[in-house]
Amino acid sequence: MKVAFFSTKSYDKEYFTRFNDANLHDLTFFEVSLNEQTASLTAGFDAVCVFVNDKIDEDTIGIINKNGIKVIALRCAGFNNVDLKAAKSRNLSIVRVPAYSPESVAEHATALILTLNRKTHKAYNRVREGNFSIENLTGFNLSGKTVGVIGTGLIGASFCKIMLGFGCNVLAYDIQESADLKAKGVQYKNLDELLTLSDIISLHCPLTPETAHIINTNSISKMKNGVMLINTSRGALIEAQDAIEGLKTGKIGYLGIDVYEQEADLFFQDLSESVILDDVISRLISFPNVLITGHLGFFTKEALEEIATITLNNLADFENGLSLKNEIKS
Ligand code: NAD
């Protein structure tokens, strides 16, 4: 199949080329993201392969459909950036990578917690400058703390197990409870109870109309003073302006985010010589107790291998008319 890849970086080319056995598919890598303006590039291709910040809305779908695209292959798990209804109405199939090394994201959430808590990033910089003072680097023991997990699917479940391993009391909120996690000691609560009781809250649910801005002024007001909030899921789960207010009052004591609602204009690019025009992220960056990473929760070699293999298999299954086990049905 002739596949047009969008939003590609060096690692996409490296892994997809390596796992494209016997050059099964004909791969073309575009660096630009897929949106209404770039959709004309799909002329002559059979499939597009897209990532988290490509904008596959009704207009984009109209153009790629006219260009002969038959299948949209997401090389990620989340699919909130695709207009499923529009794709269905034009008979386009959509496949994704529902699970790839969930540990990669769960472990990154843990890294955010440990860094914010034990301030290793600050200690590293101090020592490099010959400053061996430990003043103001006080952390807290994770053992015995209450961790609230919102969304206990593949990533949330992996994260729960890590937190249990640290000796934390793990609470969870999900529309579907896991018997396995309950057996391991996770206690399911309603959302308000979880918000009220947790020292650390970590978000692992998908972005849907129900979860959009699930963290807002109202939910923040129910949290413990000085709560640690972690988001490695999707940026729009948090109303960033409300989080800023929470940080200013001290209600939120620590914020660790790998995702940001307006990340499409920022993330995956080197903007170090540019003026950042987004005042919200600039304000967030300015807090001493906020840690931001640029959507790299998924970024381990194990995950990249699985993403490439599963995506290429999804495309082969489509080409061979096989049933699509990773199809997203609207
Ligand atoms: P999953 O589908 O296995 O689990 C999602 C869980 O959320 C499910 O248990 C589901 O029941 C629950 N859920 C759905 N709606 C809910 C609601 N309204 N309230 C509470 N819980 C709800 O997905 P996953 O593989 O664990 O991934 C979770 C999310 O992580 C993805 O949707 C994606 O947005 C994000 N993600 C981020 C990265 C990264 O690099 N930072 C990488 C992969 C995935």
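**Notes on the ligand site and the open sheet**

1. In this predicted model, the residues of the shell around the ligand divide into ten nonpolar, ten polar and three charged. That shell is made up of 23 residues surrounding the ligand, and the closest of them are L154, I155, D174, T232 and F298.

2. As to where the ligand sits, the space that the ligand takes up is the largest pocket.

3. A polar side-chain atom of D174 lies 2.6 Å from an oxygen atom of the ligand, and for L154 the atom concerned is a backbone N or O, which lies 2.9 Å from an oxygen atom of the ligand. In the case of S233, a polar side-chain atom is found 3.4 Å from an oxygen atom of the ligand. Taken on its own, the ligand has 860 Å² of accessible area, and the protein covers 86% of this area.

4. Turning to the strands, the model contains an open sheet of seven strands in the order 8-7-6-9-10-11-12, and the pairing is parallel. At its edges are strand 8 (187–188) and strand 12 (290–292), each of which pairs on one side only.

5. Strand 10, formed by residues 227–231, and strand 11, formed by residues 252–257, run parallel and are joined by five bridges. As an example of such a link, I230 has G256 in strand 11 as its bridge partner.

Terms used: Residues are numbered from 1 along each chain as its sequence is written. This is a predicted model: local features need pLDDT of at least 70, side-chain atom pairs count only at pLDDT 80 or more; totals for chains, interfaces and linings use all residues. Side-chain values use heavy atoms; hydrogens and water are left out. A residue is near a molecule or strand if one of its heavy atoms lies within 4 Å of it. A polar contact is a pair of N or O atoms within 3.5 Å; within protein, one must be able to donate a hydrogen and the other to accept it, and residues adjacent in sequence count only if both atoms are side-chain atoms. Accessible areas come from the Shrake-Rupley method with a 1.4 Å probe; for residues, only the protein chains shown count as cover. On a 1 Å grid over the protein atoms alone, a cavity is a set of points where a 1.4 Å probe fits but cannot get out, and a pocket is an open set with protein on both sides within 12 Å along at least five of seven lines; lining residues have an atom within 4 Å of a point. A molecule sits in a cavity or pocket if more than half of its atoms lie within 2 Å of its grid points. Ala, Val, Leu, Ile, Met, Phe, Trp, Tyr, Cys and Pro count as nonpolar, Asp, Glu, Lys and Arg as charged, and the others, Gly among them, as polar. Two strands pair if DSSP finds at least two bridges between them. Helices (H or I, at least four residues) and strands (E, at least two) are DSSP runs, numbered from the N terminus.
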